[in-house]
Amino acid sequence: MDDQTRLATDAGKAIGGGEGASYQPPQLASPSFVAPTLTQRVGPFAHELLLFVVLVVGLIWAKQIAPLFMTVTTQQQLLFNVWDLALLSLPMTYIIITGGIDLSVASTMGLSAVVMGMCFQLWHWPMWAAALMAVVTGTAGGLLNGVFVAKIKVHPLIVTLATYSAYRGLAEGLSLGFASLYKTTSVYSGFPTWFTNLGQKAFFAGPDLRHPHWYALSAAGWLFIAAAIAMGVVLAKGPFGRTLYAVGHNETAARFSGLKVGRAKLLIYALSGLASGLASLNNAAEYNTAQANMATNLELDVITAVVLGGTSIFGGRGRIIGTVLGVALIHETREFVSWHYHDNTLIRLVLGSLLIVAVAINALLGRRSSRK
Amino acid sequence: MTTVDYQPLRPPLTFRDMLWSLAAKREYGLAVLIALIVIVVSFRSPSFLALSNISDLLVYCTQPAIVSCGVMLVIVTGEIDISVGSMLGLLTAVMGTLVSSKTALVPGFGWPVWAAILVTLGLGTAIGIINGLLVTLVRIPSIIVTLAMFMILASITVKIMHRGNITDLPQGLRWFGIGTILGIRASIWIMAAVLIGTWAMIRYTPLGRRIYAVGSNAHAATLSGVSVMRIKLFTFALTGFLVGVATIVTTLGAYDNGIGQGFELLVVTCVVVGGVSISGGVGTVAGVFLGVVLLMIQKPVLIFLNLGPGWSNWDKAIQGLLILAAVLVDHFAGRRKKPGAGGGH
């Protein structure tokens, strides 16, 4: 009996019931399982690998020309500057993966900081309540973006461009307005020590404060590591992550597949607002200052980090690990240029060129999205 | 032969429908809003309507209005340009350095004004062409190209201006900002020329129609023989050129390195409030100009309303709320971008 006949007989049995035998699936030639080659395994991570190599080579070069820059102590001190950018870049990755963008993150930080400062200094709230209020403000701001994007279905660029102005404007209007009403300053400071310690002291530093353990990080640092792991796992393995990729790849198809597109978008924009609230706490604690112009232009650095990390601006592609590498690259570039060359204006020149070159290499290597 | 009388399948319009459709037609909505604001403010302080004040308001609008024409066309083709602010800063720095004399406190090159103007326009166009080439040839998304360009140009500007502010500007150059022709400021004439020129190009030339064709449906445009790449390259180059024009008409008597900060997002805001669809294909010069006027009168209006110290700092908040309001009106008036239904004229 050749294969064709056997298949036919099997099918007949299955349809007609035949001799009452249970259906036996046709035995095909055993599929030979081919283990993926090294190239196939590593290929999808080519961008991350490239970033990693660039970062390592860059740091080795930096150690050659500025040995003091690459000591543990210096690096730990400089790390305090990165956490705002790092915290904001995680939800931004989610948002850009869905094909959206959030220009309002830095303005939300300003608004949260001003609300916190007013609660603490003008109305004499306890510090924990003021800090909670900042987080609530940030989340509410993000939620409003989410409502406009998910429910009213406006392009995220427009919505967050509007709230970019509106939140910063509210922060300026409120702080300057109340400053003239109460005859006081619009720059809030003098926060209690336990609060400023959150941004200025490293946790798990060990007994010797001059030589802390190499893994000593500030509160925002530990928060970032926990959040990066959790959000990375959710994105790579969880159903929510699949939803985000699906939305970014083809939103209509995602909707027709029964995915809760609106809810997912609402959630990620609110998450972005939450991150802004937390980042504003970190920033206020680090500098012991809360004012309306906090973190001006930070949104552009955040988007640069995410895009540099390999997330496609058209959506559907990107990973948290790439974003972490992008943040690390931006941070080290930024700090090295200002540490070694004492030149803050050069930073943006280097970052802008880096961004164009990275994305151009990506585009020319054919990794670009087939859409658009 | 019988003629077929096509009856539009449309339910009768109620008064409320008409009101909404009026609101949805962005130009009318903006005009009414601006008129209301002007009336309210002029009751509070009649000098708002003084001829000199109106002239000042228009001069205040020139830079964003000129650049908005270019950015509008870029957005109509479905791309975006957020490098115009730092481009304005760079061109101002270059122009100032070229014209200021060698003996000034911050020595310049002492070039004649016409040469400096040519270089400014040329440099603007060149930067626009670089943007356009990166978008069309290398195929990097325009938001990333112009974001990177934004950073690069801003940093070069600070490098040029690090020696100090440029204060030594020749009268010949300042004439473009503050001189008058027939009693009207030269910058207003130039703005009017740019607005009318853009309008005429959109209305009467094949190039204008092609720009809208690319924005409405790039694939269909390609099939009808329009080179999408060339059209997009043109809009970016035009934007760079117009930023050069806007640089020349500045009214400032001294240049510092803060010029152009926040200008790119202001321009995009004006364009969006003016009714240009961010997904391309829709937008009019009249709407954009009214959008510019609405946004630029916020600050003077807050000053003229004389609300007291500390309460005139709400212009940014109002700017953001205006976009949200425009978006909500669009949503509830059911104004949707229909594929192929290009706007313009």
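At what angle do helix H5 and helix H15 of chain A pack, and how far apart are their axes? In this predicted model, H5 (residues 83-97) and H15 (residues 320-340) of chain A meet at about 145°, and their axes lie 10 Å apart. The crossing of H5(A) and H15(A) is right-handed. H5(A) brings Leu85(A), Ala86(A), Ser89(A), Leu90(A) and Thr93(A) to this contact. H15(A) answers with Ile320(A), Thr323(A), Val327(A) and His331(A). No charged residue takes part in the contact of H5(A) with H15(A).

Next, the contact between the chains. Chain A gives 41 residues and chain B gives 40 residues. On the side of chain A that touches chain B, helices H8 (156-181), H14 (298-308) and H16 (345-364) of chain A each supply two or more residues.

The table sets out the residue classes of both contacts.

| Contact | Nonpolar | Polar | Charged |
|---|---|---|---|
| H5(A) with H15(A) | five residues | four residues | no residues |

Last, the core. The largest nonpolar core holds 196 residues. Leu87(A), Met116(A), Leu242(B) and Val271(B) have the most contacts inside this core. Its largest share, 14 residues, comes from helix H13 (residues 261-287) of chain A. Which residues does Leu87(A) touch, leaving out those up to four places away in sequence? They are Ala220(A), Phe224(A), Ala275(A), Leu278(A) and Ala279(A).

Conventions: Residues numbered from 1 in each chain as written. Chains lettered and ligands numbered in written order. Predicted model: local features only at pLDDT ≥ 70, side-chain atom pairs only at ≥ 80, totals over all residues. Contact = placed C-beta atoms within 7 Å. Helix = DSSP H or I, 4+ residues; strand = E, 2+ residues; numbered from the N terminus. Axes fitted to C-alpha atoms, helices over the stretch in contact; angles between N-to-C directions. Left-handed = near helix turned anticlockwise from the far one by under 90°. Nonpolar A, V, L, I, M, F, W, Y, C, P; charged D, E, K, R; others polar. Core = buried A, V, L, I, M, F, W, Y, C linked by C-beta atoms within 7 Å. Buried ≥ 20, exposed ≤ 12 C-beta atoms within 10 Å, placed from the backbone.
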